[in-house]
Amino acid sequence: QVRLVESGGGLVQPGGSLRLSCAASGFAFSRAAMSWYRGAERELVAAIGSAGDIIKYADSVQGRFTISRDNAKNMVYLQMNNLKPEDTAVYYCSLPTLGSWGQGTQVTVSS
């Protein structure tokens, strides 16, 4: 059974940073591309290939966010720097090939 559990969200001031984590289990993680989405419309934020060699970002986060993974730990991360109020959303970890989602973690950027 696929399980994706996000953590690391919270309240941060504009310009601050957060690191989101996603713990994955129940599938061959090291062979799976992973993604982060946000919001009710599930906007794609970042995606990473199984070996971490193919990465893409939404234009709105390019240069501020970094996606990474640790295949030994079955973890995927999203480092978010220089956060802006418009980054406020629920962030979801996703296994796109199976259409699986975590429960989400709330990120709020506000002064």
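Modeller: Before we start, a nonpolar core here means a set of buried Ala, Val, Leu, Ile, Met, Phe, Trp, Tyr and Cys residues joined through side-chain atoms within 4.5 Å. Buried is under 20% relative accessible area, exposed is over 50%, and partly exposed lies in between (1.4 Å probe, protein chains only).

Biologist: Thanks! What kind of model is this?

Modeller: This is a predicted model, where local features need pLDDT of at least 70, side-chain atom pairs count only at pLDDT 80 or more, and totals for chains, interfaces and linings use all residues. Residues are numbered from 1 along each chain as its sequence is written, and side-chain values use heavy atoms, leaving out hydrogens and water.

Biologist: Which residues touch the most other members of the largest nonpolar core?

Modeller: That core has 28 residues, and Met34, Trp36, Val76, Leu78, Met80 and Tyr91 touch the most other members. Among the elements giving two or more residues to it are strand 4 (34–38), strand 8 (75–80) and strand 9 (89–95). Strands are DSSP E runs of at least two residues, numbered from the N terminus.

Biologist: Is strand 9 mostly covered or exposed?

Modeller: Mostly covered, with six of its seven residues buried.

Biologist: Nice. How many bridges join strand 4 to strand 9?

Modeller: Four, and the two strands run antiparallel; pairing needs at least two DSSP bridges. Trp36 stands opposite Cys93 there.

Biologist: And what about strand 11?

Modeller: Strand 9 pairs with strand 11 over three bridges, also antiparallel, and Val90 faces Gln106.

Biologist: New topic: where does Gly99 sit?

Modeller: Gly99 is in the turn of the hairpin formed by strand 9 and strand 10, which has four residues between the strands, and its phi is positive, about 65 degrees. Two bridges join this antiparallel pair, and Ser94 stands opposite Trp101.
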